[in-house]
Amino acid sequence: MEAKKLCLALYTGSVDKLTAAGVILSGAAADDMQVDIYVLLQAARAFKKEVGDNEALLNMAENPGMKEEFMASLKKLNVKTWVEFFKEAKAITDVKIHICGLAGKVWGGEKLDDFIDLADDICGIGAYITSAQEADINLFI
Amino acid sequence: MMTTEELKTIAVDKIVDARGTACPGPLLEAKKSLGTISSGQTMEILSSDEGTKVDIPKWCMKQGHEYLGTIEEGGFFRIFMKKN
């Protein structure tokens, strides 16, 4: 059976939504899906080497005043960081992470080496559209 | 599907103790452990996460494995499956 394909447009750079993306990615990994992630504007900042899962540098998209409580609850529940979720999914299934060239430049990232080692390449929007056209599931987070 | 009494008699080939992890932890632990057993062998997943008892049967169906049943213990679930 040919693997189903998930195309994820990842716009968010917030820790709550990145964690949600990581949980969804885990489900895709359990199903051996082929996953393409396109890292758009705000998300590219989170992929910078100096940010990653350094929670002090990440904001919340929802309930910003409750970040401390949210993060403490995740830790208590043994929930992985968003970077750990992404790494684990990459180890299990075919996950390719593409940094949008424009998004990278917005946050001062010109080269692949400027981003955490989860990133596979820097691409243009045409690659995203092609992947989205071919995917069985499309998500924008 | 097997009855609770039948499930209790199975000598499973692999036990995955995922108690203490929240979703999606147990599902991913099951996925990773599946690679360590052979076709025809059985696996028991221990989970304290309510969602796992729904996730594993559906996952088995999609992946072509056999879901054998679930036993509810005090505070956790014992979920049985056979790899195809």
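Guide: Let me start with a term: a residue is buried under 20% relative accessible area, exposed over 50% and partly exposed in between, using a 1.4 Å probe and protein chains only. By that scale, Phe47(A) and Phe86(A) are both buried. This is a predicted model, in which local features need pLDDT of at least 70 and side-chain atom pairs count only at pLDDT 80 or more, while totals for chains, interfaces and linings use all residues. Residues are numbered from 1 along each chain as its sequence is written, chains are lettered from A and ligands numbered from 1 in the order in which they are written, and side-chain values use heavy atoms, leaving out hydrogens and water.

Now to the rings. Those of Phe, Tyr and Trp (its six-membered ring) pair if their centres lie within 6.5 Å; planes under 30 degrees apart are stacked, over 60 edge-to-face, and the rest tilted. This rule gives five aromatic pairs over all chains. One of them joins Phe47(A) to Phe86(A), edge-to-face, at 6.1 Å centre to centre with 65° between the planes. Phe47(A) sits in the loop between α2 (41–46) and α3 (67–76) of chain A, and Phe86(A) in helix α4 (residues 82–92), so their pair ties together parts 39 residues apart in sequence. Helices here are DSSP runs (H or I, at least four residues), numbered from the N terminus.

Phe86(A) also pairs edge-to-face with Trp82(A), at 5.2 Å centre to centre and 90° between the planes. Both lie in helix α4 of chain A, four residues apart, about one turn of the helix. Trp82(A) is buried at 2% relative accessibility, and Phe86(A) at 0%. Together, Phe47(A), Trp82(A) and Phe86(A) form one aromatic cluster.

Conventions:
Helices (H or I, at least four residues) and strands (E, at least two) are DSSP runs, numbered from the N terminus.
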